[in-house]
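Subject: Handover of a structure and findings

Dear colleague,

Please find below the structure that I am handing over to you. My findings follow it.

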Amino acid sequence: MPETLEQLTIEKPEILREWVRAYTKGPVTEASKTDEEELKGKQTQSSRFLLKDGRSVEVSAIWVGPKDVIVVWPDGSVGETTWGSPDLFNFYETSGSVREVGADERPIVSLPN
């Protein structure tokens with residue numbers, strides 16, 4: 001496991017609205033596969049939304065394959081969708097700032113048993 005990771009921070013309201021819309025408008029069904037062994041090593045991206053009142057909300061996406069994405073919601077529930085792209089980080093890189101942070105910034109993703 002790496003000691004550092006890249007963190008993208010987006011502060012432009014129009015980009016944040018688009019990012020949130022991807023999670024709120026995407027077609028999601030109940031996940032049929034939550035086997036942690038099957039998902040180990042798959043590309044994962046987490047979005048941490050920092051709210052004005054100081055709270056944070058995290059949503060994680062695990063790319064099992066093309067058009068096969070597992071979404072882990074803040075309440076711990078898990079969904080499955082065909083939406084999303086593991087290239088979002090690179091696509092939005094020019095709309096924010098990227099910095100290297102310690103691995104302790106990595107969100108913890110827990111799948112229900």
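About 1,600 Å³ of space lies in the largest pocket of this predicted model. A pocket is an open set of points on a 1 Å grid over the protein atoms alone, where a 1.4 Å probe fits and protein lies on both sides within 12 Å along at least five of seven lines; lining residues have an atom within 4 Å of a point. Grid points are joined across faces, edges and corners, and the volume is the space filled by probe spheres set on the points.

Two notes on conventions apply throughout. Residues are numbered from 1 along each chain as its sequence is written. Since the model is predicted, local features need pLDDT of at least 70, side-chain atom pairs count only at pLDDT 80 or more, and totals for chains, interfaces and linings use all residues, while side-chain values use heavy atoms, with hydrogens and water left out.

The pocket

The lining of the largest pocket consists of 37 residues, and Leu 5, Gln 45, Ser 46, Ser 47 and Pro 107 are the ones that lie nearest its centre. Two or more lining residues come from each of strand 1 (4-10), helix 1, helix 2 (36-39), strand 3, strand 4 and helix 3 (88-92). Strand 3 gives the most, with 8 residues. Helices (H or I, at least four residues) and strands (E, at least two) are DSSP runs, numbered from the N terminus.

Two strands pair if DSSP finds at least two bridges between them.

The pairings may be followed from strand 3 onwards:

- Strand 3 and strand 4 run antiparallel and are joined by 8 bridges; Ser 47 stands opposite Val 59 in strand 4. Their hairpin has 5 residues between the strands, and Gly 54 takes a positive phi near 95° there.
- Strand 4 and strand 5 pair in the antiparallel sense over 5 bridges, with Ala 61 opposite Val 71 in strand 5. In this hairpin 2 residues lie between the strands, and Lys 67 in the turn has a positive phi of about 60°.
- Strand 5 and strand 6 run antiparallel with 4 bridges, and Ile 70 has Glu 80 in strand 6 as its bridge partner. Their hairpin has 5 residues between the strands, with Gly 76 at a positive phi near 95°.

Strand 5 is mostly covered, as 5 of its 5 residues are buried (under 20% relative accessible area; exposed is over 50% and partly exposed in between, with a 1.4 Å probe and protein chains only). Asp 68, Ile 70 and Val 72 are buried on one side, and Val 69 and Val 71 on the other.

Which residues does Tyr 23 touch, not counting residues up to four places away in sequence? Tyr 23 touches Ser 47, Phe 49, Val 59 and Trp 73 (contact means heavy atoms within 4.5 Å).

The whole structure holds 3 aromatic pairs. Rings of Phe, Tyr and Trp (its six-membered ring) pair if their centres lie within 6.5 Å; planes under 30 degrees apart count as stacked, over 60 as edge-to-face and the rest as tilted. The rings of Tyr 23 and Phe 49 have centres 6.3 Å apart and planes at 90°, so this pair is edge-to-face. Tyr 23 lies in helix 1 (residues 13-25) and Phe 49 in strand 3 (residues 43-50), so the pair ties together parts that are 26 residues apart in sequence. Tyr 23 is buried, with a relative accessible area of 17%, and Phe 49 counts as buried at 17%.

Tyr 23 and Trp 73 form an edge-to-face pair, 6.2 Å centre to centre with 75° between the planes. Trp 73 lies in the loop between strand 5 (68-72) and strand 6 (78-81), so its pair with Tyr 23 of helix 1 ties together parts that are 50 residues apart in sequence. Trp 73 is partly exposed, with a relative accessible area of 23%. Tyr 23, Phe 49 and Trp 73 form one aromatic cluster.
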